[in-house]
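Keep the viewer open as you read, and take the points in order.

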Amino acid sequence: MRIELSTGTSAELVRVEGADRGLVLIPDMMGLRPLFDDHVARIAAEQGWTVCAPQLFAGREDLPIEKRIGAACELVDDQVLADVLAAADATECETVVLTGFCMGGMYTIKAAATGRFHRAAAFYGMIRIPDDWKGPGQGEPLELLAAGDPCPLLAIIGTDDPFTPAEYVAELEEAGAVIVSYEGADHGFVHDPVRPAHRPHDAADAWRHVIEFLSQ
């Protein structure tokens, strides 16, 4: 069901009675839509976790993809991370874990440094901010990790993903992340089966790794 977080941002929430942990799921750049409603419901049903997914581009939900790309530089970490932390509170669980995809994966890396989460897993999150996304409100993920109190972090990486070149992946691993790489996989190969980059076998394996990691 759709809820309003304490920050005023909308989110999708599936509450499981007696859940032993909550999961915050940060969508990709396109934000909440039926694809992510389905992910939230599926994970809640399969794992028995309460799952909450906050909206990206809060207040601009109707912004088309071509304008979202141009507006990425206008995002402000303090606001996005406040929504992520509010989503954690909305689960009402003592133990809260975190995952996210693409831009949501980038914010997963950033939010891992807040000290709020038990564990975090980023699906092909940007390790360094792309040049055309840079703005005064955007902090570099690696710098936030270095300055914060990061929880254990897993990164799902495709070796053919232009957003996560090998030198960036090495830096993320040096910062303490556990890296699981998929040879020949491009950006976005897990979460959306209609994308040309989707790889069903690798996607299933990546989900398995993430759920096992977040369950610890």
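1. Start with confidence, as this is a predicted model. In the protein chain, helix α2 (residues 65–71) has the lowest confidence, with a mean of 88, while strand β3 (residues 22–26) has the highest, at 99. Over the protein chain the mean pLDDT is 97, and 100% of the residues reach 70 or more.

2. Next, the sheet. It is an open one of 8 strands, with mixed pairing, and the order to trace is β1-β2-β4-β3-β5-β6-β7-β8. The edges belong to β1 (2–4) and β8 (178–182); each has a single partner strand, so one side of each has no neighbour in the sheet. On average, and ignoring direction, neighbouring strands are turned by 20° against each other.

3. For a closer look at one pairing, go to β6 (residues 120–123) and β7 (residues 153–158). These two strands run in the parallel sense and share 4 bridges.

4. Helix α4 (residues 103–112) packs on it and touches β3, β5, β6 and β7, with its direction at about 145° to that of β5. Helix α1 (residues 34–47) lies across β1, β2 (10–14), β3, β4 (50–54) and β5 (96–101), and runs at about 30° to β2.

5. What about the nonpolar core? The largest one has 48 residues, and V24, M103, F117 and L172 are those with the most contacts inside it. Helix α3 (residues 77–91) supplies the largest share of this core, 7 residues. Apart from it there is another core, of 31 residues, which includes V40, A121, V180 and V210.

6. F117 deserves a click of its own. Leaving out residues up to four places away in sequence, F117 touches V24, V84, L85, A88, V96, V97, L98, A111 and C151.

7. Last, the cysteines: how many disulfides are there? The count is 0. C151 is in no disulfide either, as the nearest cysteine sulfur, in C93, is 16 Å away. Are C93 and C151 buried or exposed? C93 counts as buried because its relative accessibility is 13%, and C151 is buried too, with a relative accessible area of 10%; the cut-off for buried is under 20%.

Note on methods:
Residues numbered from 1 in each chain as written. Predicted model: local features only at pLDDT ≥ 70, side-chain atom pairs only at ≥ 80, totals over all residues. Heavy atoms only, no water. Core = buried A, V, L, I, M, F, W, Y, C linked by side-chain atoms within 4.5 Å. Buried < 20%, exposed > 50% of the residue type's maximum accessible area, 1.4 Å probe, protein only. Contact = heavy atoms within 4.5 Å. pLDDT = per-residue confidence, 0-100. Pairing = 2+ DSSP bridges. Axes fitted to C-alpha atoms, helices over the stretch in contact; angles between N-to-C directions. Disulfide = S-S within 2.5 Å.
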